[in-house]
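Visitor: Hi, I'm new to this one. Could you show it to me and walk me through it?

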Amino acid sequence: MAFSSALDDPETDPFDIAREAAAQIAERTGVDHHDIALTLGSGWGRAAELIGETTHTITATDIVGFRAPSLTGHLGTLRSILLPSGKRALVIGARTHYYEGHGVRAVAHSVRTAAATGAKIMVLTNGAGGIKPHWKPGQPVLISDHINLTANSPLEGGTFIDLTDLYSARLRALAREVDPSLDEGVYVQFRGPHYETPAEVQMAKIIGGHIVGMSTTLEAIAARQAGMEILGLSLITNLAAGISPTPLSHTEVLEAGRAAEPVISELLAKIVERL
Ligand code: HPA
């Protein structure tokens, strides 16, 4: 049987593929160790320009296990960035979403690869809907915890991983040194790609959620498994369905991301300086 990605073959070990991907990144960049990794979601792309000097840009699909992104508004590159501190950041502009249907291994691959390059801190960003009614489109918020409604896990077999303090309190405090006004909330991942119904948003609220989105939780679990410390940031691109007085539109979500990009990119760059 032919597999479209090495990760699809159940006989392969996804960590072997991640190590192979990390070796390819080292070969192409000449950088054999990264300290920090960032996944840049909707609205966060420009941060890559601000955090340091990009020394190498790789097309993600040239690296084993990475897939072409299915959406415009999502970049398909991996960048090695030299930070002013002398540390190295790997910027992942190629997220595979769970809703694309390629399975949890494909979703977790970028994080596992980042860990295999040596990164000890994983910064996960996304564009998302807000449940707190006073939040405004264009506002960044910290992720304090999550509820994973995908009914899936990137962990295979009997792998039991503690998720207490999954989104590091230390890193959230560090982010607040840069912007003390940063609010935080519990991120609820739905499968998507449809947006939630107003009833689903109410459910998310009742079970303790404040942010709704279609990414991040499976990546965070994989990052924790890999021993990384995690910082999660959501850009509220819209109020969630039913909280917003108007219907949701993907174009408007992307538009809100673009409008907020300069401000949140600068925020992220300042946070990264302190990591
Ligand atoms: N729901 C889910 N995902 C999203 C949203 C939303 O309201 N906005 C941006 N991504």
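Predicted model: local features only at pLDDT ≥ 70, side-chain atom pairs only at ≥ 80, totals over all residues.

Visitor: What is the phi of Thr216 like?

Guide: Thr216 has a positive phi, about 75°, although it is not a glycine.

Visitor: And is Thr216 buried or exposed?

Guide: Buried, because its relative accessible area is 1% and the cut-off for buried is under 20%.

Visitor: OK, what about Ala151, what's its phi?

Guide: Phi of Ala151 is near 60°, which is a positive value in a residue other than glycine. You'll find Ala151 in the loop between β6 (139-148) and α4 (169-178).

Visitor: Buried or exposed, that Ala151?

Guide: Exposed: Ala151 has a relative accessible area of 77%, and exposed means over 50%.

Visitor: Let's switch to peptide bonds. Which sort is the one from Gly192 to Pro193, cis or trans?

Guide: That bond is cis, with omega near 5°. Pro193 sits in the loop between β7 (184-189) and α5 (198-206).

Visitor: Now the strands. How do β2 and β3 pair?

Guide: Strand β2 (residues 53-59) and strand β3 (residues 77-82) are antiparallel, with six bridges between them. As an example, Thr59 has Thr77 in β3 as its bridge partner.

Visitor: And how many bridges join β3 to β4?

Guide: Five, and β3 and strand β4 (residues 88-92) run antiparallel. Ser80, for instance, is bridged to Leu90 in β4.

Visitor: What do β3 and β4 form, then?

Guide: A hairpin, with five residues between the two strands. In the turn, Gly86 has a positive phi of about 95°.

Visitor: Changing topic: how much space lies in the largest pocket?

Guide: About 350 Å³. The lining of that pocket has 24 residues, and the closest to its centre are Gly127, Tyr195, Met214, His250 and Val253.

Visitor: Which elements give two or more residues to that lining?

Guide: Those are β5 (121-130), β8 (211-213), β9 (229-239) and α7 (250-274). The largest share comes from β5, with four residues.

Visitor: What classes of residue make up the lining of the largest pocket?

Guide: The lining has ten nonpolar, twelve polar and two charged residues.

Visitor: Let's do a helix. How far apart are the end C-alpha atoms of α1?

Guide: They are 22 Å apart in helix α1 (residues 14-29). That agrees with what its 16 residues should span at 1.5 Å a residue, which is 22 Å.

Visitor: Which residues of α1 are buried?

Guide: Pro14, Ile17, Ala18, Ala21, Ala22, Ile25 and Thr29. They cover an arc of only 140° around the axis, so they lie on the same side of α1.

Visitor: Why do residues three or four places apart point the same way?

Guide: Because an α-helix has 3.6 residues a turn.

Visitor: Last stop, Ile51. Where is it found?

Guide: In the loop between α2 (47-50) and β2. Ile51 is buried, with a relative accessible area of 5%.

Visitor: How many residues apart are Ile51 and Ala21 along the chain, and what separates their C-alpha atoms?

Guide: They are 30 residues apart along the chain, and their C-alpha atoms are separated by 24 Å.

How values were computed: Residues numbered from 1 in each chain as written. Heavy atoms only, no water. Pairing = 2+ DSSP bridges. 1 Å grid on protein atoms, 1.4 Å probe; cavity = no way out; pocket = protein on both sides within 12 Å on 5 of 7 lines; lining within 4 Å. Points joined across faces, edges and corners; volume = space filled by probe spheres on them. Nonpolar A, V, L, I, M, F, W, Y, C, P; charged D, E, K, R; others polar. Expected span 1.5 Å × (residues − 1). Buried < 20%, exposed > 50% of the residue type's maximum accessible area, 1.4 Å probe, protein only. Arc of directions from axis to C-beta.
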